[in-house]
Amino acid sequence: MPQLLFHNCSGRNLPDYAHHEFDSMLVENGRIIKTGYQLPAHPDMTPVDLEGATILAAFADAHVHMTQTGIALSGAQLEPAASLSQVFDLLADESSRNEFVLGWGLQETRLKEHRLPTSKELDAVAPEKFVWITRQDLHSAILNTFALRWARTIIPNLSAPDGLVRGNDYYRLSYSLIDKLPEAFKRNGLELVRQHCFRNGVATIHALEGSRESAADTIAVAEFSRNSDLHTVIYNQSGDPSLPHRYGWKGMGGCLLVDGSLGTRTAALHEPYHDQPDNTGNLYLDASEIEDLLNRAHQNQLHLALHAIGDRAIDTVAATYAWACKKWGKPAIANRIEHFIMPSDKAIRQARDNAINICIQPAFDHYWGGNDGLYAQRLGNKRAARLNPFKTMLDLGIQLAAGSDSPVTAIDPIAGVAALVHHSNPEERMSLNSALALFISEPHKLAGESLIRGQLKTGYHADFVCLPEDPFKIAPSRLGNLQVKRLYIDGRCVYPR
Ligand SMILES: [Zn+2]
Ligand SMILES: [Zn+2]
């Protein structure tokens, strides 16, 4: 393979953005040989004109559910619909292509009729097919009669007024739906995720797949990524270390639930929910079960990732991780806590003192933060104001990286960066420099790959995005509109193809 000389660009590295500038970069076999100013071209090099673009190391998303995202990208996208008849048209179109008619992103408040479609209305679109429409919040769905018949084989006494399924029933059914869908449907979904990532400048994702019951989806993602240029760091969401062993993965767990979510009032709290005073949420794993997982991870030289959102859940995980750190010392790759939305001061100190890696979802604050947001409804303003303390943690030197939790929010690092810079709590707003780093260099640290990915320096993978404008030179309000112009992985242009 000839050497590639990328030129006519403004290249930067993070987090010391101002200090590593270059205008040309030499690449061989997918790796960077060197960067510099006006690097001389030789006849055996292939020059690539980057047309004055600002280039940064490619984006990474440290928390994606790839199988579920693929399914969500497969169906009809209903966000643009302004009326029920438009919803039905989009579904009819989908029905002409697919055996399973899935719809996503329905927001009845944006429809002219201000209501959800009913089961009967969905029957009219495709009476002989499985129709499943998920609302924007991903906590409820409307099913047609055909799909309800299937749902009742799983939950016999299912309550579904007008076909609406919500809460725990919804979660159970959405897991079963994943198993029900044909392999080819899911495989095609993974391909859609890859294309979506590339459009958004993402070269690496951490894919959190499978469940305690089945690793089939994890294995499918592993097979897919073996032949894909999207770099995928895989976590199998179970306490069983055998799969990571077989495939050589460095971590185990994932969104393995210590508690639930604030939206469904299942996140484990010390004090009750503001809007449900007899409820303090659920703790699905206690300290001794987490100890057991840590033991298994340690014995197999793996790091552990667990989902914890409420203060009671986070306290339990942080204290147990601290116990492990005292017992075995700091691990080569630190254990992770996913989300970490409502940490106590004590848990933040424990994260700092015991080298705990935190994977945050900046878009959550964008969607649910602020005085009139969902978090404030659930917790009251006082507690809600202390959620997602990104800047506080960063200033304490805690290792953070960012992800989307897709399909909960979209794989869209630029939107994530904008959410970090415009946090609903002004005291927790991050500099653009740090915000970009959380989606560029930092995810690789959580996977033990930061010596080969996340920088544009000698020896690193030539994974980079071309931006039409320097994000530091545009008005902060326009940040979210920035579009990725090109994405290169290992020196090859993967977007646009
Ligand atoms: Zn989670
Ligand atoms: Zn997740």
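A residue is called buried if 20 or more other C-beta atoms, placed from the backbone, lie within 10 Å of its own, exposed if 12 or fewer do, and partly exposed in between. The model is predicted: local features need pLDDT of at least 70 and side-chain atom pairs count only at pLDDT 80 or more, while totals for chains, interfaces and linings use all residues. Residues are numbered from 1 along each chain as its sequence is written, and chains are lettered from A and ligands numbered from 1 in the order in which they are written.

The protein chain holds 17 helices and 20 strands, which are DSSP runs (helices H or I, at least four residues; strands E, at least two) numbered from the N terminus. Of its 497 residues, 51% count as buried. The C-alpha trace spans about 70 × 55 × 45 Å along its principal axes.

An automatic or database assignment divides the protein chain into domain 1 (3–58 + 459–495), domain 2 (67–180) and domain 3 (239–446). Between domain 2 and domain 3, the contact takes 7 residues from domain 2 and 6 residues from domain 3; two residues are in contact if their C-beta atoms, placed from the backbone, lie within 7 Å. On the side of domain 2 that touches domain 3, helix 1 (residues 66–74) gives the most, with 3 residues.

In helix 11 (residues 345–353), the buried residues are Ala347, Ile348, Gln350 and Ala351. These lie on the same side of helix 11 because they cover an arc of only 160° around the axis, taken from the directions from the helix axis to the C-beta atoms. The buried residues of helix 11 pack against helix 10 (311–328), strand 16 (357–360) and helix 14 (390–395). Ala355, which follows helix 11, has a positive phi, near 50°.
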